[in-house]
Every structure is written in structure tokens, then in C-alpha cells.
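Notebook open, structure loaded. I want to go through confidence, overall build, core, salt bridges and a few single residues.

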Amino acid sequence: MEKRVLFRSKWLPWALIAPQLLVIAIFFFWPAGQAVLQSFQMEDAFGMSTEWVGLENFRNLFADPTYLNSFKRTAMFSVLVAGAGIAISLVLAIFADRIVRFAMVYKTLLIVPYAVAPVIAGVLWVFLFSPSIGVVTYYLGKLGYNWNHMMNDNQAMALIVMASVWKQISYNFLFFLAGLQSIPKALIEAASIDGASPWRRFWNIQLPLLSPTTFFLLVINIVYAFFDTFGIIDAATQGGPGQSTSILVYKVYQDGFKALDLGGSAAQSVILMMIVIVLTVVQFRYVEKKVQY
């Protein structure tokens, strides 16, 4: 029989969730409301004077070619980070699920990157690919490939993509490993007895049963690529060279804190927030139909 909790007071449920509602209101709704308000205003660098300008900040943004180019960079960056991160994590989880000896050691080593701060991850990858002292750069030079992400746009984008994927792999790995271990072993054994190859067992049994986990990670990784990679980009490339790695979230910082265009920066943050909301709704509306619960 289904168990239900009955509250004698109608105020008790609200009192129990009040702390969480307060945190959401203070750290999400209030800043979001402030950003929406400031996006319709023009402020000086010190916030001493404010002028209501309506949609002028938004018109200036969409007339700026550098801002429009940041949409393309952000789309490419988010697709690469989310796609590569999910694919690599799934492969690692499959191998880790099959390891018997020293399994805990392998799993622990794969989880370690998640404990690294984004800025530290960016600095680490900069050292590895430094044009002058980088270990990876040295061996790439031995192979005849000249690496200098400070001068090459594509190499700079590749660097922040690799660093962002590496930072997020551990998070994805944990969920995929938990999903694989929750699949009944009897299904895999029955398919094996029927003569199904390891690839057929994965494609026809494991992957469909992992679809809820994959869908969840797809949403999380898209949000991660749009917002949580700021620290990596700032530490690794600072949006360069020539704004080639300045995605939307980093351009908000550049225009707001460096150029001191507070109104334009607020307008960019509103647009970025709306993009993420629309992408999330689209994923739940259409992509979730492919999920098998």
C-alpha cells in the first residue's frame, strides 16, 4: 500500500520548504530580476547615475558583429563539450564496469578531476600546452606539429574544449557508472547466452536503459558549457586570441567588468538566461520523447 504523510497544520509544509525557497529567492530570482531591470537602463561606471533607455541595449547588442559572432562560438563550444564529454565518459564507465581487479583504484582516479577547481584546471592545461615549456607541446613539435594557442584561434578553442571536457568527465562518469550497475545482470547474461556480441548487448540493452541518464547529463552538460566554463576560459585564454574563445558568458564579464558597460552586460545576461531556458524546454519537450523509462 502507498504510504502518505499527512500534515496536521497546513503551514507546516510551507515552513519546511521555506529555507530552500528563501535561498532560491535571494540567489536566483533577486539577481535575475536585477539583471532584467538593469538591461533597460544605462548606468555610468560607478553607478552614480541611471537613465532609462528601454530596448536600446538590446538593439546595440544585435548590431554588434562581435556579439553575433559569440553566438557561433558558443554553439560550437557547447556542442563539442557536451558531445565529447558524454561520449568519453560513457566509454570510461563501460570499461570501469567490467574491471574486476583494482576496480576501486580506477574509479577513484577517474573521479579526481571533479575535485579540481575550474581555474586550476585551466592553468593545468595551459602548462601542458604552453608554447615554451609545455610537455605536450614539446612532443607535438617532435611530430612536426607546431602548437601555439596564443596565436592560433582553432588551437585556443581546442584547448578550452579539452580542459572543459576533462573537468566534467568525472561528473558524467559517476552517473553512467551508476546507471550501468543498476541494469540487471540477468538481461546481459541472457543476451550473451543467445549469442549476442558485446556490441549488440550494449546497443540493444544497455544504451536504451541508459537513456534517462543520458538525457539528464545532456541537460546538465549544456548548462555547464554555457555557464560553468568561465573559470577555465579566463585562466587559459582570457577570451583570446582576438576574442576567438570569448563565448557568451565570458563576453558578459568582459563588457560588464572590463569595459564597464553595465547596461549592455545586463542585457547579455538576460539573453543568455533566455537561451538556456529555451534550450532546456526544447530538450524536455522533444528529446525526452526518445527516453525509455
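For burial I use relative accessible area: buried is under 20%, exposed is over 50%, and partly exposed is in between (1.4 Å probe, protein chains only). I am working on a predicted model, where local features need pLDDT of at least 70, side-chain atom pairs count only at pLDDT 80 or more, and totals for chains, interfaces and linings use all residues. Residues are numbered from 1 along each chain as its sequence is written, and side-chain values use heavy atoms, with hydrogens and water left out.

**Entry 1: confidence**

I looked up pLDDT, the predictor's confidence in each residue, from 0 to 100. The protein chain has a mean of 87, and 95% of its residues reach 70 or more. Helices and strands here are DSSP runs (H or I, at least four residues, for helices; E, at least two, for strands), numbered from the N terminus. Confidence is lowest in helix α4 (residues 103-111), with a mean of 79, and highest in helix α11 (residues 230-236), with 93.

**Entry 2: overall build**

I count 13 helices and two strands in the protein chain. The C-alpha trace spans about 75 × 75 × 30 Å along its principal axes. Of the 293 residues, 38% count as buried. For contacts I take heavy atoms within 4.5 Å. Among contacts between residues at least 6 apart in sequence, 66% join residues at least 24 apart.

Next came accessible area, from the Shrake-Rupley method with a 1.4 Å probe; for residues, only the protein chains shown count as cover. The chain exposes about 17800 Å², and carbon and sulfur atoms supply 69% of that.

**Entry 3: the cores**

A nonpolar core is a set of buried Ala, Val, Leu, Ile, Met, Phe, Trp, Tyr and Cys residues joined through side-chain atoms within 4.5 Å. The largest one has 34 residues, and F77, V81, L159, I160, V161, F226 and I247 have the most contacts inside it. Elements giving two or more residues to this core are α2 (56-62), α3 (65-98), α5 (118-128), α7 (153-182), α10 (211-228), α11, α12 (248-258) and α13. Helix α7 supplies the largest share, seven residues. I checked V161: leaving aside neighbours within four places in sequence, V161 is in contact with F77, L80 and V81. Apart from that core lies another, of 17 residues, including L90, I94, F202 and I205.

How many of the residues of α12 are buried? Eight of its eleven, so I call α12 mostly covered. Those eight are L248, V249, Y250, K251, V252, Q254, D255 and G256. The cover over them includes α3, α10, α11 and α13. Just after α12, L260 takes a positive phi of about 60 degrees.

K251 and D255 are both buried, and their side chains meet in a salt bridge at 3.4 Å, N to O. My cut-off for a salt bridge is a side-chain nitrogen of Lys or Arg within 4 Å of a carboxyl oxygen of Asp or Glu. The two residues sit four residues apart in helix α12, about one turn of the helix. An α-helix has 3.6 residues a turn, so residues three or four places apart point the same way.

**Entry 4: the other salt bridge**

My search of the whole structure finds two salt bridges. K185 also forms one, with D97, the closest N and O atoms being 3.7 Å apart. K185 lies in helix α8 (residues 185-193) and D97 in helix α3, so this pair ties together parts that are 88 residues apart in sequence. K185 counts as partly exposed because its relative accessibility is 46%; D97 is partly exposed too, at 21%.

**Entry 5: two single residues**

Not counting residues up to four places away in sequence, Y171 touches Y114, F216, L217 and I220.

A266 sits in helix α13 (residues 262-285) and is buried at 5% relative accessible area. Beyond neighbours within four places in sequence, A266 is in contact with A35, Q38 and S39. A266 and F40 are 226 residues apart in sequence and 8.5 Å apart in space, C-alpha to C-alpha.
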